[in-house]
Amino acid sequence: MDYDMLVIGSGPSGRRAAVQSAKLGKSVLVVDRGRRLGGVSVHTGTIPSKTLRETVLNLSGWRERGFYGRGYRVKQDISVGDLVERLHKTLDHEVEVLQHQFMRNTVKSARAAVKFLGPNKVSLTTDTGDYSEVGFANALIAVGTRPHRPRDVPFDKTRVFDSDEMLELDRLPRTLTVIGAGVIGVEYATIFSALDVPVTLVEPRNSILDFVDREIVDDFIHQMRDRGMTIRLGSAVKEIRSKPDAAEVELADGRTIRSEVVLYAAGRTGNVGSLGLDVVGIDADTRGRIKVDPQSFQTSVPNIYAAGDVIGFPSLASTSMEQGRVAACHAFGVPLPPPPETFPYGIYAVPEISTVGQSEEQVRESGAAYEVGVARFRETSRGHIMGVNTGFLKLLFSIETRRLLGAHIIGEGATELIHIGQAVINLGGTVDFFVNNTFNYPTLAEAYKIAGLDAWNRMGRG
């Protein structure tokens, strides 16, 4: 059987490409080797970690501690069972929605391992060994990534885990060491810290989250330390040892950290090993990432596209969806306007961080004259009502054009609030928008007005 579009992988980019192709009247087959549709995003990545976070914040009473003190808890003894129950319900619902979406759009799906036989043909092999061949006009490689697992790290699912395996813990660890302070590392470290698990975060570099505005990162590090987390920056790991009673992490400076569990979260690798890319002449780098044209997402083979985490940065579910849609439209000759230059990043740590546009460092580097407006959530009435003591919004404006250049938020609701900044940046809005518009009261979004006024007071009427 031949298809107009073969999609390999059913994560965010794969499913969006499949549905877009189907809406253009094309025949589509989605092949995934996982037990269920949804890819890494649904089963081990985005959705599980965010569900875990939400459950932890609800059961621990974290959000109310501003009022009731640090010792406050909604549920005294939180077990892994409490966390997993909500996780399974959410995942079941996500898979159901995806299956229904495919059914509605007549997208066919199959569970099999895929291997390229040529630029228009693949083989499919099921778990039971059934073999078949499928022809295609266009293909999208959307196989995602898996945790990077160096050979010298003793992963055993008892003491030493990767980020996928953390969802399979049989009980909460008494102490936790997280190696790698990237997005995944800081999300898990702060989620377990919110459960009052003593956490040590180890990062070989001297800084973390380099793509985020420094002032936001500095505040984030301060908040983590303030609640008792230990952060070891500039600490390379020499050896990890799994012992019967504890895990030991020996650092290059000679110090040793002992904890019940170690999470190794230093990077991810593309799932390209078994695809037979060499047959069609597509190269992947040492971390399994495929190079594509940034506008069309074509690989070096024009009718084969790649999207999502397997092409590398920014590796967000949100951007992956758009990449899949753009690739499908390009494959079938549907012209699209160029996407807006700015899109938001969300880091679902505790507290949340979200950012859109230029950081203060980038604006300064550009040489443009700028002004900053800041609003702390505790300055808003809504912040008082919620008992929010921390968190702030930072806006950057061009003095010459008065336009909003960047919006950066740390604190409760950051990933929702950021879209106001995104809209204003992409529509060319200025500081006057925030000063002249009425915001709902009391809301956290009102922080935009406060920050706008803060900058306007120094910029004047222009």
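In which loop is the place of P442? P442 is placed in the loop between α13 (431-436) and α14 (447-459), where helices (H or I, at least four residues) and strands (E, at least two) are DSSP runs numbered from the N terminus.

The model shown in these views is predicted, local features need pLDDT of at least 70, side-chain atom pairs count only at pLDDT 80 or more, and totals for chains, interfaces and linings use all residues. Residues are numbered from 1 along each chain as its sequence is written, and side-chain values use heavy atoms, with hydrogens and water left out.

View A. Y441 and P442 are joined by a cis peptide bond with omega of about 0°. A cis peptide bond also joins F313 and P314, with omega of about 5°, and P314 lies in the loop between β17 (304-306) and α9 (317-331).

View B. F297, a residue other than glycine, has a positive phi near 70°, and its position is in the loop between α8 (277-280) and β17. With 10% relative accessibility, F297 counts as buried, a term that means under 20% relative accessible area, whereas exposed means over 50% and partly exposed lies in between (1.4 Å probe, protein chains only). R402 is not a glycine either, yet has a positive phi of about 70°; R402 lies in the loop between β21 (392-398) and β22 (404-410) and, at 11% relative accessibility, counts as buried.

**View C. Surroundings of R149.** R149 belongs to the loop between β7 (145-147) and β8 (160-162), and its 40% relative accessibility makes R149 count as partly exposed. Not counting residues up to four places away in sequence, R149 touches F155, D162 and E165, contact being defined as heavy atoms within 4.5 Å.

**View D. L275 in the largest nonpolar core.** A nonpolar core is a set of buried Ala, Val, Leu, Ile, Met, Phe, Trp, Tyr and Cys residues joined through side-chain atoms within 4.5 Å. The largest has 49 residues, of which F116, L140, I141, L275, I290 and I304 touch the most other members. When its neighbours within four places in sequence are left aside, L275 is in contact with I8, V114, K115, F116, I141 and V143. Another core, of 46 residues, lies apart from it and includes L87, L176, A194 and A349.

**View E. Packing of α1 against α5.** The axes of helix α1 (residues 12-23) and helix α5 (residues 80-104) come within 10 Å and cross at roughly 25°; axes are lines fitted to C-alpha atoms, for helices over the stretch in contact, and angles run from 0 to 180 degrees between N-to-C directions. The two helices, α1 and α5, are therefore roughly parallel to each other, the class for angles under 35 degrees. R15, A18 and V19 of α1 meet E94, L98, Q101 and F102 of α5, and the residues of this contact divide into four nonpolar, one polar and two charged.

**View F. Packing of α3 against α6.** Helix α3 (residues 46-60) and helix α6 (residues 183-194) pack at an angle of about 20°, with their axes 9 Å apart, and α3 and α6 are therefore roughly parallel to each other. In this contact S49, K50, L52, R53, V56 and S60 of α3 meet E187, Y188, I191 and A194 of α6. The residues of the contact divide into five nonpolar, two polar and three charged, where Ala, Val, Leu, Ile, Met, Phe, Trp, Tyr, Cys and Pro count as nonpolar, Asp, Glu, Lys and Arg as charged, and the others, Gly among them, as polar.

Technical notes
Angles under 35 degrees count as roughly parallel, over 145 as roughly antiparallel, 65 to 115 as roughly perpendicular and the rest as oblique.
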